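Work through the exercises below with the model open. Try each task before reading its solution.

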Amino acid sequence: MGPILAVEGLKAYYQMRYFGTLREVRAVDDITLEIQRDEIYGLAGESSSGKSTLIKTIARAIRPPLNVVDGAVRFDFAGQGPRDIYTLSAPELAATRWRHLSYIMQGSMNVLNPVRRIRHSFVDFAFRHMSLPMPAFLRRVEEHLGHLSLRPDVLESFPHELSGGMRQRVTIALATVCRPDFIIADEPTTALDVVVQKGVLEMIRRLQREMGSSVLFVTHDMAVHANLTDRLGIMYAGRLVEEAPTRALFRQPLHPYTAHLIRSLPRIGDDTPRHGLEGRPPNLASPPPGCRFHPRCPLAMEVCQQTTPVMQELAPGHRVACHAAAQGILP
Amino acid sequence: MRGYALYLFKRLFQFCLVVFIGINVTYLITHATPIDPVEQTITAATAFGTTSPEAIAMMRRSLQDLYGTGGSGFDQWLAFWRRIVVGDFGPSLSAFPTPVSTLIRRALPWTAGLMLVATLLSWGLGNLLGGLAGYYRRNRLLKFAGIVAMGVHPVPYYIVAFVLLIIFGYLWPVLPITGAYAQGLQPGFSLEFAGSVIRHSLLPTASLVLVGIGGWFMGMRSLVSNVVTEDYTVYAELAGVRRRRILGAYVMRNALAPQVTGLAMTLGAIFNGAIITEQVFGYPGLGSLLVAAVHAGDYSLVIGVTTVSILAVSFAVLLVDVLYPLLDPRVQAR
């Protein structure tokens, strides 16, 4: 079987019209990537690098002014053959969601309906996908909550009665109870303290191993990526700039931006001061020509200002879009 | 649960306090008028023919007894409250000797019935349409409904009432223009009587709904347009939860809480709104009664109607406070 997700030349722009003139913000610009079965794929990059836009586009969770301009998002759930999610009809999409493709949203603290008991949320989200009678369904839910160290009585609670960590675990339980083939997790641990964060990450890892699902995990926190993901993609200004198995990427980053991200991590025994990267990410409404990173890049050459670098596979499974790396210059 | 009992007790105490103060203010205002009901009644009774001074003195004593105007100011006040707590407002001055409570009992069902139906109808329709318009923002029909609601809303109520009256009472006379039921009909549980009551209530109800619906519609629409961007709504849509369920249990349910508070306040205040309606459509309710009482200087009747109104408003507010924790579990009973 091929990859579970193949994104090809995806372009998604925020398109706004002011008095007849079109203003485009190219938040996702020409991204191609594949995610294999049974792997955790990480997506990293600083704020406004287009991570969230990319996964919203992948999940077909977009609403105007965000539009897909070009490209395809092909999912191949267990033996059905690849299909572009944007060609699915509304009923097909509804049947796919949560059964095959589920989503843990950013800001998970507010994703539960404040006036509905948790049990009803589970019924709303998951019941129609499980061919089970209601009592058996609720037993299954309770069992699943147990996997996440939650007592069955949270089902009778309202969201505001639970702590942040519990709510987060409830959200993860909600997204995984149907054992979906593909889970998108957008910053699911960002709002949590490190102790709870560690527990939640371990749970995601364990659930993923048990179910054999694929996870697309998005966070700006490189330490989390180092601990959790199998492969890692780095985004900068709406483009994918590097992609490699996580260990290889941390051992030898090829893109100068990736090198900066990794170098910013503190290490035990290393006392050298950390340096921030000069400058700010570019305005995506009018990105710089050539390589979008060149104004901040210590290795920038003349060619970087003129031509946009393309993704090249420089080592097995290690792709990078950088003129310097292509010439063998390492950051 | 103990917390809730304490909360309930506090709210009940507040309720009693508000009613007490409200009725006292009414008492003070009405007693500040220069009209003396005893002298007025005596004047009316002795206008024709001559009456002996002894008879007049006797009459004065018994009338003072009846109206509770004898003795010092404090004694009068005590006597007033002694009668209020048992629901005795004394005899009406303008319809002497009919007791005020009888007059109110006769008028109250008309006002309560008319206003309750009209308020609930406009609240229900306004919220339903407003919710739909907020959720299905592209729907042409709902957009049109919004324009109509917003257009009618600022028109003063009496103009809408008169326009309806002119259209359906004179230009195309299909509906009765005055009264609560056809004259000569015996009130009772007959089909004919019920039909007549409904026919007579159509115009006043329609005018109230037409004017009332706009506020609820616009309020709900803007509440809903906030709720649809909340994370929990977006997430439910993302999860493929059925649209009907999202509209009902996620969007409307969360937007409704402030509207319920509004409803209770409106329900309590229905006696104020009824005055113009009942005047225009000649409806025999509390509003007409109050206006007649004020014109006649019948202050026991004014106190009676006002007291009923104060009780209704305070009770509605109490009810909202008591029921609110059921509606929104986040509201702690404090």
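This is a predicted model.

**Exercise 1. Helix packing**

Work out whether H5(A) and H6(A) are roughly parallel or roughly antiparallel to each other.

Solution. 
- Step 1: Locate the helices. H5 covers residues 164–176 of chain A, and H6 covers residues 194–211 of chain A.
- Step 2: Take the geometry. Their axes come within 10 Å and cross at roughly 15 degrees.
- Step 3: Apply the cut-off. Angles under 35 degrees count as roughly parallel. H5(A) and H6(A) are therefore roughly parallel to each other.
- Step 4: H5(A) passes H6(A) in a right-handed crossing.
- Step 5: List the contact residues. H5(A) contributes Gly165(A), Gln168(A), Arg169(A), Ile172(A) and Thr176(A). H6(A) contributes Val196(A), Val200(A), Met203(A), Ile204(A) and Leu207(A).
- Step 6: Sort them by class. The contact has six nonpolar, three polar and one charged residues.

**Exercise 2. One isoleucine**

Decide whether Ile262(A) is buried or exposed.

Solution. 
- Step 1: Ile262(A) lies in helix H9, residues 256–263 of chain A.
- Step 2: Count its surroundings. Ile262(A) has 20 other C-beta atoms within 10 Å. A residue is buried at 20 or more, so Ile262(A) is buried.
- Step 3: Name its contacts. Leaving out residues up to four places away in sequence, Ile262(A) touches Met222(A), Phe250(A) and Pro253(A).

**Exercise 3. A strand and its partners**

Find how many residues of strand S10 of chain A are buried, and trace its pairing.

Solution. 
- Step 1: Check burial. S10 spans residues 239–245 of chain A, and six of its seven residues are buried. The strand is therefore largely enclosed by the rest of the structure.
- Step 2: Pair S10(A) with S9(A), residues 231–236. The two run antiparallel over six bridges. Arg231(A) stands opposite Pro245(A).
- Step 3: Inspect the turn. The hairpin has two residues between the strands, and Ala237(A) takes a positive phi near 50 degrees.
- Step 4: Pair S10(A) with S12(A), residues 318–320. Two bridges join these antiparallel strands. Glu242(A) stands opposite Val320(A).

**Exercise 4. The chain A side of the interface**

Which helices of chain A each supply at least two residues of the side that touches chain B?

Solution. 
- Step 1: Count the contacts. 20 residues of chain A are in contact with 17 residues of chain B.
- Step 2: Assign the helices. H2 (90–96) and H3 (118–126) of chain A each supply at least two residues.
- Step 3: Classify the chain A side. Its residues divide into 13 nonpolar, four polar and three charged.

Technical notes:
Residues are numbered from 1 along each chain as its sequence is written. Chains are lettered from A and ligands numbered from 1 in the order in which they are written. This is a predicted model: local features need pLDDT of at least 70, side-chain atom pairs count only at pLDDT 80 or more; totals for chains, interfaces and linings use all residues. Helices (H or I, at least four residues) and strands (E, at least two) are DSSP runs, numbered from the N terminus. A residue is buried if 20 or more other C-beta atoms lie within 10 Å of its own, exposed if 12 or fewer, and partly exposed in between; C-beta atoms are placed from the backbone. Two residues are in contact if their C-beta atoms, placed from the backbone, lie within 7 Å. Axes are lines fitted to C-alpha atoms, for helices over the stretch in contact, and angles run from 0 to 180 degrees between N-to-C directions. Angles under 35 degrees count as roughly parallel, over 145 as roughly antiparallel, 65 to 115 as roughly perpendicular and the rest as oblique. A crossing is left-handed if the near helix is turned anticlockwise from the far one by less than a right angle, and right-handed if clockwise. Ala, Val, Leu, Ile, Met, Phe, Trp, Tyr, Cys and Pro count as nonpolar, Asp, Glu, Lys and Arg as charged, and the others, Gly among them, as polar. Two strands pair if DSSP finds at least two bridges between them.
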